[in-house]
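Here is a short report on one protein chain. Please look over the sequence and the 3D view before reading on.

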Amino acid sequence: MSKSGSTSKITRRTALAGLSAGAALLAMPRIGRAADETIRIGFPTPLTGPFAAEARDQVKCAELAVKLVNDKGGIGGRKVELLVRDDKLNAGEAATRTLELIEKDKVHAVVGALSSAVQLAVNEVTRARGVIYVSISQSDTINEAKDFSKYTFHEALNPHMTTAAVARQTLKKGMKVAHLVADYAYGHEMLRGFKRAQAAIGADNVGEILHPFGAADYSTFMPRLMSLRPDVLCISNFGRDQANAIKQAVDFGVKQQMKIVVPVILHNQRLAVGPDVFEGVVGGANYYWGLESQSKSAAAFNAAFKAANGGAIPTDYGAYGYSGVGSLLAAMQTAGGTDTDKVVDALEKLQYDLTKGPQHYRKCDHQSVQSVLVLESKKKSAMAGDNDLFAILANDTGSDDMLRSCSELGHAT
């Protein structure tokens, strides 16, 4: 997700407006902390609201990353503690909780957020205070020079990477493409990514329809989309919006006329509405448990999660919680502690493989270079079991070539 949202529409302006009350605190110098104390990681995420299922998965996986380190003696003998806070999918709330984590709880770093605009609010606080922030929500904006700082790392995929991978598997020259888009940062960034990818392929854009965040009724949009007669319908939204939109599209017979594609196909939303609704839907993903047949690290991650969670499997957005916290802790191990500059340096040099294969943070913008999966939802008769949700259509190897260039993002090269 990465996503953006609250109970009302979030823009970049409203995200940053939530920081005004903490302006005086933000101007204060970095906080000194004892070198032998517990290592505290702040973890803001929307435990309430329409992205709560994904947020809960992130917490479980982040806790697993912490547990595995603590079981081996911690970092230099220091135990690690995860401090989870509900940001309520609201930029102002996220800024407040992040300030509290830094000022009151004295965290050494922050990982989290499940919304494009919310993560920007968190990032404004952390970069002003000189605290490392590892974002685990999809966003293109956070990589751009205007929002970047040496303390900002983006472990999640971004819309440019995701939409390009999905477009390569679903679009061909001359195809007609329509878009149903959630009217906030996540939707806008995914639309921009799809349009860029389809232009490169030679597919034609025949229309775009925006819907409000949290919409329950899509009945007014479906006839308009069907009248455009596209070959492919790209639905760019997140959380419950994805399940509701796809279900109502199927009810209107959309799949009989066109292919449904999403930038990010969500494990939890597929479970929420069942195989018949999602059958044939194609989307991108950072992780799918079925990778265990191809990846030793995926198999190890699955086994550790199952052991800690009664045999349950980890999900896509859960994996972000694991790799976001896990990569931070690996850098702290290399740095020999929590000295911020040493950990930043270690993160920039880190080569890690926690869930699916090699990853590293690109130097100019601290974007995690990683593989992108493209999945197709299986029909019920093709499922080997309840967890056999998707077929893996592609597993694009991570490379700098799949990212926007440093110069395009505004970074000096």
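The report below goes from the whole chain to selected residues.

## Basis

This is a predicted model, in which local features need pLDDT of at least 70, side-chain atom pairs count only at pLDDT 80 or more, and totals for chains, interfaces and linings use all residues. Residues are numbered from 1 along each chain as its sequence is written, and side-chain values use heavy atoms, with hydrogens and water left out.

## Overall fold

The chain has 14 helices and 15 strands. Both are DSSP runs numbered from the N terminus: helices are H or I with at least four residues, strands are E with at least two. The C-alpha atoms fill a box of roughly 65 × 45 × 40 Å along the principal axes.

Take contacts (heavy atoms within 4.5 Å) between residues at least 6 apart in sequence: 72% of them join residues at least 24 apart.

## Surface and charge

Of the 413 residues, 61% are buried. Buried means under 20% relative accessible area, exposed over 50%, and partly exposed in between, using a 1.4 Å probe and protein chains only. The accessible surface comes to about 15,100 Å². Carbon and sulfur atoms account for 51% of that surface. Areas come from the Shrake-Rupley method with a 1.4 Å probe; for residues, only the protein chains shown count as cover.

The chain carries 47 positive and 43 negative charges, and their mean positions are 1 Å apart. Lys and Arg count as positive, Asp and Glu as negative; His and the chain ends are not counted. Each charge is placed at NZ of Lys, CZ of Arg, CG of Asp or CD of Glu.

## Cysteines

A search of the whole structure finds one disulfide, defined as a pair of cysteine sulfur atoms within 2.5 Å. The bond joins Cys364 to Cys406, with an S to S distance of 2.1 Å. Cys364 lies in the loop between strand S12 (359-361) and strand S13 (368-369), and Cys406 in the segment after strand S15 (390-396), so the pair ties together parts that are 42 residues apart in sequence. The torsion about the S-S bond is about -85°, so the disulfide is left-handed.

Cys364 and Cys406 are buried. Cys61 is buried too, at 1% relative accessibility. Cys234 is buried at 0%.

## Positive phi in two loops

His366 is found in the loop between S12 and S13. This residue has a positive phi of about 60° although it is not a glycine. His366 is buried, with a relative accessible area of 1%.

Arg229 also has a positive phi, about 50°, and is not a glycine. Arg229 lies in the loop between helix H8 (222-227) and strand S8 (232-236). At 60% relative accessibility, Arg229 is exposed.

Ala197 is found in helix H7 (residues 185-201). Ala197 is buried, at 10% relative accessible area. Leaving aside neighbours within four places in sequence, Ala197 is in contact with Thr163, Ala164 and Ala167. The C-alpha atoms of Ala197 and Leu354 are separated by 29 Å, and the two residues are 157 apart along the chain.

Lys296 lies in helix H12 (residues 296-308). Lys296 is exposed, at 79% relative accessibility. Its C-alpha atom is separated by 29 Å from that of Ala109, 187 residues apart along the chain.
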